[in-house]
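Good morning, and thank you for coming.

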There are 2 protein chains.
Amino acid sequence: MATLSDVARLAGVTTATVSNVLRNPGKVKPSTVEKVEAAIASTGYRPNLMARALAEGKSSMVAMVLPDITNPFYPEFVAVAERVARDRNYFLMVCNTPDRPDIGLAYLKQITGTLAGGVLVLDTGILPGDIEQISNRRAPIVLASNEAIHYDEQVPHVVLDLHRAGEIAGQHLVELGHREVGAIVGCGLAGRQIVRLGGFESALQAAGLSLAPEHVRDTPDTVEGGRAAAESLLAANANITAIFATNDLMAYGAAQVLAERGIAVPQAMSLIGITDIHLARDMRPALTTVALHTETMATLAINLLLDLIEDPGHQPRSVKVPEPALVVRASTGVVAAI
Amino acid sequence: MATLSDVARLAGVTTATVSNVLRNPGKVKPSTVEKVEAAIASTGYRPNLMARALAEGKSSMVAMVLPDITNPFYPEFVAVAERVARDRNYFLMVCNTPDRPDIGLAYLKQITGTLAGGVLVLDTGILPGDIEQISNRRAPIVLASNEAIHYDEQVPHVVLDLHRAGEIAGQHLVELGHREVGAIVGCGLAGRQIVRLGGFESALQAAGLSLAPEHVRDTPDTVEGGRAAAESLLAANANITAIFATNDLMAYGAAQVLAERGIAVPQAMSLIGITDIHLARDMRPALTTVALHTETMATLAINLLLDLIEDPGHQPRSVKVPEPALVVRASTGVVAAI
DNA sequence: CTGAAAGCGCTAACAC
DNA sequence: GTGTTAGCGCTTTCAG
């Protein structure tokens, strides 16, 4: 592949000049610009981004590490993050860390500041302690959506009120008159989605209700997990009138079980999730859920990361996602008259 | 961040020695290995992968460009490609090229050989002509799943018999006794999924049937697209007994329309897709489909790319995915007696 | 306005 | 075994 000096030689100038026409046009006389551009065209020259990054001391690439790209939440996040990053002239590389936090950590150690100028870490079960050790001024790490972890203000992160999300779901069911409800709690790499459940329970308690332990199921954060949990819930509790899942994917699995058993949604059973992935809108009956504002979150997160890259002293070091919002669709209804 | 020479200074050796303990252990005396390792540990040194790539003349990163990460086929592909790449000590960066082939091409031009040692291109509507111009010996490009394009043997690619996939779907419906069927044809970046449709039609023809133009709908390759097409099909053709969609995502959309209208699947209407994404297995009724062997395809594709990177002369330059296979689930059945 | 020269962090001969 | 040296391809002062 043609290099800068190939181009320079062909144009009869030095590499410094070629570099200038590429990066500081205007500093070079139009006539030589022409010559250089001709040389570039004829050689098919493309700058070596690694060499540039080395010389400049900064990379045009940012990375994102996430636990499971087949969980639709992440692709939706990635799609917008990529667009925002591209608008700001960065490449986005996404790293999937199937199941194991140690892989995520290994990735992080290898690429932070060496391949990527910054990294956005989602839900990978990596602890702030490890993060701080790896991060450094010019290669920041931003954490997002990692609910089980308590951040201090040092580590840059995106604040998302997952407790409130659970609470909103709970309030909605309470308002519809539900008294006996089941809960499906996801357990992924990020740990048990306990904060969401906590919010949900607090809404019930505020209404003088409570969530019995036998109405709760822990399960993997997948469609299959949701299905298994719903089956177990149904088998053990004949009297529940609503099911809350800590995310939409599991709610989707639960919906299938209900459909298979001929349990009408929402007439005989209400169903509510959290997140508002595309699938929630697409499924039938469409899923009532609590929107986490994925697009906004992704935009804020990636912008924070890029701000931090471009200005290590950037303040504030954390950013807040708007409060979760109830999206009422077809899967919830008033509890049937007894 | 600590550099090689920081470590060397601290250990009282030169950078060459440090480099050796990192890459050619055994060439260095155990006692100095210890000193160096102590220095590495105390500085928290991590090699700069860009500098290494520059010096070695090759990158440990490969890229994958794809048109729509929110289409679940791609995440499923990515997940396995990433794992295989990691096993071979490469990082995988994925680039999403939302809708526009020009973005895909721009990505490709920028990263091929400069950030990524090789690129896997899926369905992005980029033409082999452009590819050849960009590719070069040390940074190969592998094309996969780009059905509308005719490859010559020069450009490395993955061969997938999409015509056969359509044919298998058609044969299945024919065998079940369907005579009047509708077809939903996806139109994404890769162009109209015409090859699949062609296979489907040839199966009908072999049975003495034909697919009337008014039974065919072109639509975007999404859930929403599938839904719109199904509605249109149903509105215009009261007598069809089966619907074929050129991929599962659209079949999923069609299934929702059928459910909403109370059209029983498969009793009143059979439904078949192509690909076998997870959703096909997860939806209810579970979708009969023609498996494209995504995992195998991804494995073959990424391995071909890495082989080509490690040996530019590697033969063969293309690789064949096993024939598509019918997966019978719950969405197809014998045509109802009249 | 353009050239010369140093250096980003690392690897890889090749000496010693 | 370990050090010396020369680059990888680019950017960036600083002279001219």
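In this predicted model, a polar backbone atom of B:Lys29 is 2.9 Å from a phosphate oxygen of DNA strand D. I use polar contact for a pair of N or O atoms within 3.5 Å; within protein, one atom must be able to donate a hydrogen and the other to accept it, and residues adjacent in sequence count only if both atoms are side-chain atoms. Chain A also reaches phosphate oxygens of DNA strand D: a backbone N or O atom of A:Asn48 lies 3.0 Å from one, and a side-chain N or O atom of A:Arg52 is 2.6 Å from one.

A word on conventions. The model is predicted, so local features need pLDDT of at least 70 and side-chain atom pairs count only at pLDDT 80 or more, while totals for chains, interfaces and linings use all residues. Residues are numbered from 1 along each chain as its sequence is written, chains are lettered from A and ligands numbered from 1 in the order in which they are written, and side-chain values use heavy atoms, with hydrogens and water left out.

Which residues come nearest to DNA strand D? Of the 24 around it, they are A:Leu4, A:Tyr45, A:Arg52, B:Thr17 and B:Thr32, where near means that a heavy atom of the residue lies within 4 Å. Sugar or phosphate accounts for 76% of the atoms of DNA strand D within 4 Å of the protein, and bases for the rest. The surface near DNA strand D divides into eleven nonpolar, eight polar and five charged residues. Here Ala, Val, Leu, Ile, Met, Phe, Trp, Tyr, Cys and Pro count as nonpolar, Asp, Glu, Lys and Arg as charged, and the others, Gly among them, as polar.

Let us turn to DNA strand C. It is surrounded by 24 residues, the closest being A:Thr32, B:Leu4, B:Ser19, B:Tyr45 and B:Arg52. Of its atoms within 4 Å of the protein, 77% belong to sugar or phosphate. A backbone N or O atom of A:Lys29 lies 2.9 Å from a phosphate oxygen of DNA strand C, whereas A:Ala55 places a backbone N or O atom 3.2 Å from a base oxygen. The elements giving two or more residues to this surface are α2 (15–23) and α4 (49–56) of chain A, together with α2 (15–23) and α4 (49–56) of chain B; helices are DSSP runs of H or I with at least four residues, strands are runs of E with at least two, and both are numbered from the N terminus.

How are the two chains related?

The largest nonpolar core has 156 residues, of which A:Met64, A:Phe77, B:Met64 and B:Phe77 touch the most other members. Such a core is a set of buried Ala, Val, Leu, Ile, Met, Phe, Trp, Tyr and Cys residues joined through side-chain atoms within 4.5 Å; buried means under 20% relative accessible area, exposed over 50%, and partly exposed in between, with a 1.4 Å probe and protein chains only. A second, separate core of 50 residues includes A:Phe91 and B:Leu49.
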